[in-house]
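Me: I am new to this structure and would like to learn how to read it. Could we go through it feature by feature?

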Amino acid sequence: MTVENVLVTSGYGAVTREPFVQINFDDRFTTKMTPENARDIALSLLRASESAYSDAFLLEFVKDKLGGDDSMAGVILLEFRKWRNTEQEW
């Protein structure tokens, strides 16, 4: 699914008397959630974005600066991802 427009809004339910965050994807899909869930999703998106950039850097660095091939870059990337998922506490 390609998403061109994402609209994020907030509100307060008159009936539920609870705050909510609503996300609309291209007028095709809408979801409501608690502010806590929205924060969790936002943090997950930020972490995934940073991981994507670091993966890209590592692959390009191995290939361009170290003269490695795709296979070597892939092995190093897999090890880096293992480290990132198990050792990174910050």
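Predicted model: local features only at pLDDT ≥ 70, side-chain atom pairs only at ≥ 80, totals over all residues.

Me: Is Asp26 buried or exposed?

Reply: Residues under 20% relative accessible area are called buried. Asp26 has a relative accessible area of 18%, so Asp26 is buried. Leaving aside neighbours within four places in sequence, Asp26 is in contact with Thr2, Val3, Glu4 and Asn5. One polar atom of the Asp26 side chain lies 2.7 Å from the backbone nitrogen of Asn5.

Me: What is there to notice about the phi of Asp26?

Reply: The phi of Asp26 is near 50 degrees, a positive value in a residue other than glycine. Asp26 belongs to the hairpin of strand 2 and strand 3, which has 3 residues between the strands.

Me: Which value does phi take in Asp27?

Reply: Phi of Asp27 is near 60 degrees, again positive in a residue other than glycine. Asp27 is also found in the loop between strand 2 and strand 3.

Me: Does Asp27 count as buried or exposed?

Reply: The cut-off for exposed is over 50%. Asp27 counts as exposed because its relative accessibility is 72%.

Me: How do strands of a sheet pair?

Reply: Strands of a sheet pair through backbone hydrogen bonds, and the pairing is either parallel or antiparallel. In this model, 3 strands form an open sheet in the order 1-2-3, with antiparallel pairing. Strand 1 and strand 3 each have a single partner strand and stand at the edges, so one side of each has no neighbour in the sheet. From one strand to the next, the twist averages 20 degrees.

Me: How many bridges join strand 1 to strand 2?

Reply: There are 7 bridges between strand 1 (residues 6-12) and strand 2 (residues 19-25), and the two run antiparallel. Val8 has Ile23 in strand 2 as its bridge partner, and Leu7 stands opposite Asn24 in strand 2. The hairpin of these strands has 6 residues between them, and in it Arg17 takes a positive phi near 55 degrees.

Me: How many residues of strand 1 are buried?

Reply: The count is 0 among its 7 residues, and strand 1 is hardly covered.

Me: What joins strand 2 to strand 3?

Reply: Strand 2 and strand 3 (residues 29-33) are joined by 5 bridges and run antiparallel. Gln22 stands opposite Lys32 in strand 3, while the bridge partner of Val21 in strand 3 is Met33.

Me: How far apart are Val21 and Met33 in sequence and in space?

Reply: Val21 and Met33 are 12 residues apart in sequence, and their C-alpha atoms are 5.4 Å apart in space. Val21 lies in strand 2 and counts as buried because its relative accessibility is 14%. Apart from neighbours within four places in sequence, the contacts of Val21 include Val8, Thr9 and Ser10, as well as Thr31, Lys32, Met33, Pro35 and Ala38.

Me: What span should helix 1 have, given its 30 residues?

Reply: Helix 1 (residues 35-64) should span 44 Å, because the rule is 1.5 Å a residue. Its end C-alpha atoms are 43 Å apart, which agrees.

Me: Which residues of helix 1 are buried, and what covers them?

Reply: The buried residues are Ala38, Ser51, Asp55, Leu58 and Val62. Their cover includes strand 2, strand 3 and helix 2 (70-86).

Me: How are two packed helices described?

Reply: Two packed helices are described by the angle between their axes and the distance between the axes. Here helix 1 and helix 2 pack at an angle of about 145 degrees, and their axes are 9 Å apart. The crossing of helix 1 and helix 2 is right-handed. On the helix 1 side, residues making the contact include Ser51, Asp55, Leu58 and Val62. On the helix 2 side, Met72, Ile76, Leu77 and Phe80 are among them.

Note on methods. Residues numbered from 1 in each chain as written. Heavy atoms only, no water. Pairing = 2+ DSSP bridges. Helix = DSSP H or I, 4+ residues; strand = E, 2+ residues; numbered from the N terminus. Expected span 1.5 Å × (residues − 1). Buried < 20%, exposed > 50% of the residue type's maximum accessible area, 1.4 Å probe, protein only. Contact = heavy atoms within 4.5 Å. Axes fitted to C-alpha atoms, helices over the stretch in contact; angles between N-to-C directions. Polar contact = N/O pair within 3.5 Å; in protein donor to acceptor, adjacent residues only side chain to side chain. Left-handed = near helix turned anticlockwise from the far one by under 90°.
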